[in-house]
Amino acid sequence: MISETRLGLNNLIYPFFMEDGTGIQSPIKSLPGLYRWSLDLLLAEIGECMELGLRNFVLFPAVDEGLKDKMATYSWSEDNYYLEAIRQIKTRFPEACLMSDVAMDPYSSDGHDGIVEDGIIVNDPTLDVLCRMSVAQAQAGIDILGPSDMMDGRVGAIRRAVDGAGFTDVSIMSYTAKYASAYYGPFRDALDSAPKSGDKKTYQMDPANKTEALREAMLDEEEGADFLMVKPALCYLDVIHLLKESSTLPIAAYNVSGEYAMLKAACANGWLDYNRAMPEMLLSIRRAGADAILTYFAKDYAELTN
Ligand code: PBG
């Protein structure tokens, strides 16, 4: 009766890693219990998740090294398997809410989220690539575009591009306050998407900064974002709280791969009780102010609470 915070399955967004091919469900070493899926098996997995009551999913593509280039051209190419996957999942499960990843890194031979020229990430030319990718994903039927790249001005540019192409109903969940964090390590293993040189500190945020998150939020709001996201979640609960208090937009938080990995590892060693520690972690993110939580725990949480 007096519980102040409730966490339902409708608050959760479940991420999936994909690769091209058939019959693939390959385990990810640093993310125990998670896999890289080919579309055929992923469709069955999504069906199972929907039965459990999960409805929201975000898809991340692993791309063959041979298809990567400096301009991430495969991201909008006609025969991109990821776009085909969006099409097929939406056809099979029209009531599922599907979110994409908009960023160059899975497709980039430099492993960066932007175009690299002489060792520098060039912001404005990158916007064109992000817009082409976004329009291609909108054409494939995506519900929510998820720009995770942190280039300045990309929310507005993407909004104009997809509206111009006639996709006014597609929403944008902006990775608003995405920090240059060590907790993305297992994700980069999962997709082989780590930067080939340098780091992401010229475009992702300094973990020391909080006011900057507000500035990013104001810009994203002005540019037309439909949701604001904070990432990672656990070390940044104060930032989630701040954005929730300062904006009327829905706030999302990304409970990232490193957060999943560290809890799983402690539980595998018998040092923490998974069925208590995992829901407590999710609840704390929700209590901090997140309306939606992107989390690799979604299926376990659904099974635990069903
Ligand atoms: C890249 C991207 C990253 C994540 C989501 N999109 C990694 C990065 O910025 O290097 C991380 C997610 C996670 O760690 O779970 N565009």
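Biologist: How far is a polar side-chain atom of Arg188 from an oxygen atom of the ligand?

Modeller: The model is predicted, with pLDDT of at least 70 needed for local features and 80 or more for side-chain atom pairs, while totals for chains, interfaces and linings use all residues. Residues are numbered from 1 along each chain as its sequence is written, and side-chain values use heavy atoms, leaving out hydrogens and water. A polar contact here is a pair of N or O atoms within 3.5 Å. For Arg188 and the ligand oxygen the separation is 2.6 Å.

Biologist: Which residues come nearest to the ligand?

Modeller: A residue is near a molecule if one of its heavy atoms lies within 4 Å of it. A polar side-chain atom of Lys178 is 2.7 Å from a ligand oxygen atom, and a side-chain N or O atom of Lys231 is 3.4 Å from a ligand nitrogen atom. Of the 17 residues around the ligand, those that come nearest are Lys178, Arg188, Lys231, Ser257 and Tyr296.

Biologist: How are α8 and α9 oriented to each other, roughly parallel or roughly antiparallel?

Modeller: Helices are DSSP runs (H or I, at least four residues), numbered from the N terminus; here they are α8, residues 257-268, and α9, residues 274-288. Their axes, lines fitted to C-alpha atoms over the stretch in contact, with angles from 0 to 180 degrees between N-to-C directions, come within 10 Å and cross at roughly 160°. Angles under 35 degrees count as roughly parallel, over 145 as roughly antiparallel, 65 to 115 as roughly perpendicular and the rest as oblique. That crossing angle therefore makes α8 and α9 roughly antiparallel.

Biologist: Which residues of α9 does α8 meet?

Modeller: Contact means heavy atoms within 4.5 Å. From α8 come Glu259, Leu263, Lys264 and Cys267, and on the α9 side they meet Tyr274, Ala277, Met278 and Met281.

Biologist: How does α3 lie to α4?

Modeller: The axes of α3 (residues 123-140) and α4 (residues 154-164) come within 9 Å. They cross at roughly 45°. The relation of α3 to α4 is therefore oblique.

Biologist: Which residues does Phe227 touch, not counting residues up to four places away in sequence?

Modeller: Phe227 lies in strand β10, residues 227-231 (strands are DSSP E runs of at least two residues). Its C-alpha atom is 9.8 Å from that of Ala217, 10 residues apart along the chain. With residues up to four places away in sequence left out, Phe227 touches Ile144, Ser171, Ile172, Met173, Ser174 and Pro250.

Notes. Polar contact = N/O pair within 3.5 Å; in protein donor to acceptor, adjacent residues only side chain to side chain.
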